[in-house]
Amino acid sequence: MTTSVLAALVAGCGGGGGASAPGTLGVSLTDAPACGFDEVNVTVNKVRVHQSSTASESEGGWTDITLNPARKINLLDLNNGVLEPLGETPLAAGHYTQLRLVLDRNTSNALANSVVPTGGVETALVTPSAVQSGIKLVNEFDVVSGQRVDLVMDFDACKSIVKRANGDYALKPVIKVVPFVLNGINGFIDPAMLGSGVMVTAQQNGVVVQTTAPNMSTGEFFLARLPAGSYDVVLTANGRSTAVIAGVLVETETSIVPLSTTDTRITMPTSLMGTVSGTAVLTPVSTTEMAYVAAKQTFGAAPTVTVKSVAADDLNGGAYSLSLPIGEPMLGQFGSGILPIALAMQVGMAGKYSVAASATGYQPQSVSKDISVTNATQDFVLVP
């Protein structure tokens with residue numbers, strides 16, 4: 001099970017009370033969009049918290065938020081900053097270091113956890129036994145007497161679903177905890193692109209911090225709940241050149257930064273597509289980690305960004321395939337205050353990528369590939 005965890009704490013103003021008064025913990029769920037699925041369903045049974053990061057599920061001292069009945073949630077309904085409240089509970093003041101999300105298991109009569117591949121039918125999502133005892137998130141937060149803490153678990157469905165060699169789908173949860181207060185970066189996409197699988201990411205130094213997909217009716221996208229800082233916004237779509245808006249500044253935890261409006265929508269030129277494919281395997285094999293392969297582009301003195309990444313299929317020999325635009329990418333700079341932001345074609349970069357493989361605890365590898373003329377293959381063997 002691969003879990004990516006970021007800590008966040010938002011303490012709201014609470015009522016009065018002495019030092020012994022409990023605080024309140026509220027927990028919600030949100031999601032980044034999933035690749036190639038119409039639905040990604042999980043059934044949440046409870047959320048558990050403990051002051052010890054090493055406490056097992058059978059030890060005392062747990063406080064539970066129990067959903068009764070357990071709730072089946074389509075994670076893809078939680079895109080663009082939408083929250084699904086899971087509940088709240090009084091919680092003794094103190095320092096907490098463990099958070100667990102507990103899912104129901106599939107039975108012969110019902111699919112508690114499932115996926116619907118695009119154009120397909122509902123299929124069971126195989127969950128590891130550890131999911132029933134709780135997806136363990138080592139996340140530290142403080143509860144102050146008489147005050148409230150709200151935590152948002154961001155479930156990255158795109159990275160969490162792995163297609164296995166036998167054709168079924170497995171859950172390898174990737175979850176981070178993000179700020180509760182709503183802020184971020186928003187904009188609008190050209191409606192002509194809405195059937196092209198548009199994805200929008202906020203990145204720092206080529207690392208994806210947040211991902212979203214535009215609303216299929218309005219074309220609006222919202223990269224929600226971003227720590228204050230500077231981001232490169234990367235827009236990709238099938239059959240379109242990549243567009244990058246560099247240096248988008250989110251000044252505070254309440255800032256909402258517009259990149260376009262309904263009258264200044266973002267569009268990208270059409271492009272042929274090519275592929276980089278191969279295998280990425282871990283030596284020695286790991287039962288907990290998996291390899292990811294990413295295609296990146298560097299814009300001279302401008303940023304390096306991730307155009308697309310996938311998980312290698314560890315039950316199919318580590319196979320991966322990246323479909324990438326051959327056309328020259330577009331680059332714009334944030335900061336002029338004028339919309340739309342001008343996007344300039346990056347001459348000489350057509351089809352040129354740095355393809356990188358990585359896994360937690362293993363040495364990353366990267367090679368340059370040019371797919372402007374023909375598709376490319378590349379195999380990786382990652383070692384500790």
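The model is predicted: local features need pLDDT of at least 70, side-chain atom pairs count only at pLDDT 80 or more, and totals for chains, interfaces and linings use all residues. Residues are numbered from 1 along each chain as its sequence is written, and side-chain values use heavy atoms, without hydrogens and water.

**Overall fold**
- The chain has two helices and 32 strands. Both are DSSP runs numbered from the N terminus: helices are H or I with at least four residues, strands are E with at least two.
- The radius of gyration is 21 Å, which agrees with the value near 21 Å for a compact globule of 384 residues. It is taken over C-alpha atoms, and the globule rule is 2.2 Å times the number of residues to the power 0.38.
- Along the principal axes, the C-alpha atoms fill a box of roughly 65 × 50 × 40 Å.
- Of the 384 residues, 49% count as buried. Buried means under 20% relative accessible area, exposed over 50%, partly exposed in between (1.4 Å probe, protein chains only).
- Among contacts with a separation of 6 or more, 71% join residues 24 or more positions apart. Contact means heavy atoms within 4.5 Å.

**A four-stranded sheet**
- An open sheet runs in the order β25-β24-β29-β30, with antiparallel pairing. Two strands pair if DSSP finds at least two bridges between them.
- β25 (304-311) and β30 (365-370) are the edge strands, each pairing on one side only.
- Neighbouring strands are turned by 25 degrees against each other on average, direction ignored. Axes are lines fitted to C-alpha atoms, for helices over the stretch in contact, and angles run from 0 to 180 degrees between N-to-C directions.
- β24 (residues 292-298) and β29 (residues 352-358) pair over five bridges. Lys296 stands opposite Ser354 in β29.

**Aromatic pairs**
- The count is three aromatic pairs. Rings of Phe, Tyr and Trp (its six-membered ring) pair if their centres lie within 6.5 Å; planes under 30 degrees apart count as stacked, over 60 as edge-to-face and the rest as tilted.
- Phe37 and Tyr169 are edge-to-face, because their ring centres are 5.4 Å apart and their planes at 75 degrees. The pair ties strand β3 to strand β14, parts 132 residues apart in sequence.
- Tyr320 and Phe380 form a tilted pair, with centres 6.4 Å apart and planes at 40 degrees. Tyr320 and Phe380 are buried.

**Asp150**
- Asp150 lies in strand β12 (residues 148-156). It is buried, with a relative accessible area of 11%.
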